[in-house]
Amino acid sequence: MYWFCIFIHKEYQVSVSKFFKILEMKVDQTHIKQIRKQFAAMQKKEDLAKLLSEAKNLLYGEECKPVQLKSLTYYANPEFCKNRYTTFTIKKKSGADRTIHAPVKGLKSILRPLNFVLQCIYEPHKAATGFVLDKSIVDNARKHVGHHYVFNLDLKDFFHSFDRNRVKMGFMYEPFNLKEDKEPLAFLLASLCTHPFDVDGEIKTVLPQGSPTSPTITNILCRKLDRRLTGLANRFGAKYSRYADDITFSSPHNIYNDEDFQKELKRIIEEDQKLVINPDKTRLQKAQYRQEATGLIVNDKVNVRRRYVKQIRMWLYYWEKYGYEKAEQIFKRDYIADKGHVKKGKPDLINVLDGKLEFLKMVKGDMDGAYVKLKERFDSLAGVFSPINEVLDTWEKEGIEKAMNIYYKDKLE
């Protein structure tokens with residue numbers, strides 16, 4: 001089942017939210033309680049391997065290969081397995097390069113169920129909205145709607161700010177409590193989740209940007225940061241939220257030039273939590289101008305930029321006027337010119353449109369007039385262009401086996 005799920009997800013970028021919703025349906029509160037109980041009872045590495053195997057089965061099906069004890073030992077030691085990560089770069093919106101470290105297949109098969117286990121056990125601070133179950137950039141932006149001032153700042157080299165010892169200490173405290181006789185398990189988990197990298201000319205064993213567990217672990221280790229910055233916000237009558245390394249404050253009054261606020265902000269982030277503020281990504285946005293939080297407009301309500309809706313409308317118009325093949329030629333030309341420096345691969349018009357409409361629905365709601373009209377036009381045009389929806393509907397209603405039969409029948413015909 002696992003490889004089928006990933007194959008569908010990679011091959012089709014349509015109905016991605018539905019794909020993950022189906023996966024989440026397989027896990028309920030009973031499973032989460034069982035995960036927590038097993039984690040609390042762990043005494044040795046064999047117990048961890050068993051727990052990860054059961055978590056893997058919950059996520060992907062009982063036919064998954066179990067996590068082997070020797071695999072844990074092998075991948076936890078970079079001296080044994082030197083090539084645990086592959087490194088590549090992607091373009092940021094600014095045009096600069098972002099370095100990604102992706103775990104190799106064997107390590108990834110351990111880290112994915114481990115990430116699920118960590119999310120079952122740990123409940124992030126309410127101010128944390130990034131990589132949190134049932135939260136999104138919309139939840140982050142919603143906290144800052146309608147304020148006269150919105151203040152954004154970014155944390156520099158965020159994942160590389162957390163070394164192995166800091167990760168290990170996070171596992172030793174509540175709710176994980178891997179201390180005293182269980183401390184070797186905390187070290188094992190920290191070793192699995194970190195790797196030696198060259199950071200500014202120095203080799204440091206830190207969280208990789210690109211690992212499944214890194215975002216969840218940063219939420220675990222940033223709980224004190226979130227608690228103290230929430231306290232700072234409350235003291236000055238402001239709202240605070242954090243989406244990974246993206247921090248936002250908002251308030252009815254301009255507190256951001258206040259020397260006491262800035263001094264305490266820097267003390268909490270840099271002196272207390274040993275993180276670094278990126279001065280190039282710090283900005284104050286006033287109500288007379290466009291205000292954004294995590295890329296969404298927050299002046300009067302959470303919204304996308306006008307250009308986003310205009311682009312969807314334009315591509316639908318091309319499809320209606322010229323037919324799909326001609327419209328896709330125009331789309332690819334424009335899309336590559338606009339996004340080619342950031343995104344690789346060969347996008348399809350139908351897939352990109354479906355993804356954009358799903359995002360628009362998430363931001364504006366499924367009853368929003370603009371979304372409803374655009375979605376109706378898309379559904380009318382798409383018709384037989386979306387066979388994956390039949391596969392997903394069958395999976396949800398009748399199970400994975402029948403869905404696989406439909407999928408492969410379609411592929412062979």
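1. In this predicted model, R242 is buried, since its relative accessible area is 0%, and buried here means under 20%. R242 sits in strand β6, which covers residues 239-243.

2. What does the side chain of R242 reach? The side chain of R242 makes a polar contact with the side chain of N219 at 2.9 Å, and the side chain of R242 also comes to 3.0 Å from the backbone oxygen of A244. Leaving aside residues up to four places away in sequence, R242 touches A127, A128, T129, G130, N140, F158, T218, N219, C222, L225, D226 and I247.

3. Helix α12 deserves a check of its length. With 14 residues (259-272) at 1.5 Å a residue, α12 should span 20 Å, and its end C-alpha atoms are 18 Å apart, which agrees with that expectation. Just after the helix, K274 adopts a positive phi of about 60 degrees.

4. Which residues of α12 are buried? They are F261, L265, I268 and I269, and the buried residues of this helix pack against the strands β3 (149-155), β7 (246-251) and β8 (277-286) as well as against helix α11 (223-235).

5. The largest nonpolar core holds 73 residues, of which L192, L229, F249 and I269 touch the most other members. Helix α6 (residues 105-121) supplies the largest share of this core, with 9 residues. When residues up to four places away in sequence are not counted, L192 touches L72, Y75, A76, R84, Y85, L107, I110 and L111. A second core of 32 residues is separate, and L296, V298, V302 and Y324 are included in it. As general background, nonpolar side chains tend to be buried together in soluble globular proteins.

6. Helix α6 also packs against α3 (residues 29-41), at an angle of about 95 degrees and with the two axes 9 Å apart. That angle makes α3 roughly perpendicular to α6, because angles of 65 to 115 degrees count as roughly perpendicular. On the α3 side, I32, I35, R36 and F39 take part in the meeting, and in α6 their counterparts are F116, V117, C120 and I121.

Technical notes
Residues are numbered from 1 along each chain as its sequence is written. This is a predicted model: local features need pLDDT of at least 70, side-chain atom pairs count only at pLDDT 80 or more; totals for chains, interfaces and linings use all residues. Side-chain values use heavy atoms; hydrogens and water are left out. A nonpolar core is a set of buried Ala, Val, Leu, Ile, Met, Phe, Trp, Tyr and Cys residues joined through side-chain atoms within 4.5 Å. Buried means under 20% relative accessible area, exposed over 50%, partly exposed in between (1.4 Å probe, protein chains only). Helices (H or I, at least four residues) and strands (E, at least two) are DSSP runs, numbered from the N terminus. Contact means heavy atoms within 4.5 Å. The expected span of a helix is 1.5 Å times one less than its number of residues. A polar contact is a pair of N or O atoms within 3.5 Å; within protein, one must be able to donate a hydrogen and the other to accept it, and residues adjacent in sequence count only if both atoms are side-chain atoms. Axes are lines fitted to C-alpha atoms, for helices over the stretch in contact, and angles run from 0 to 180 degrees between N-to-C directions. Angles under 35 degrees count as roughly parallel, over 145 as roughly antiparallel, 65 to 115 as roughly perpendicular and the rest as oblique.
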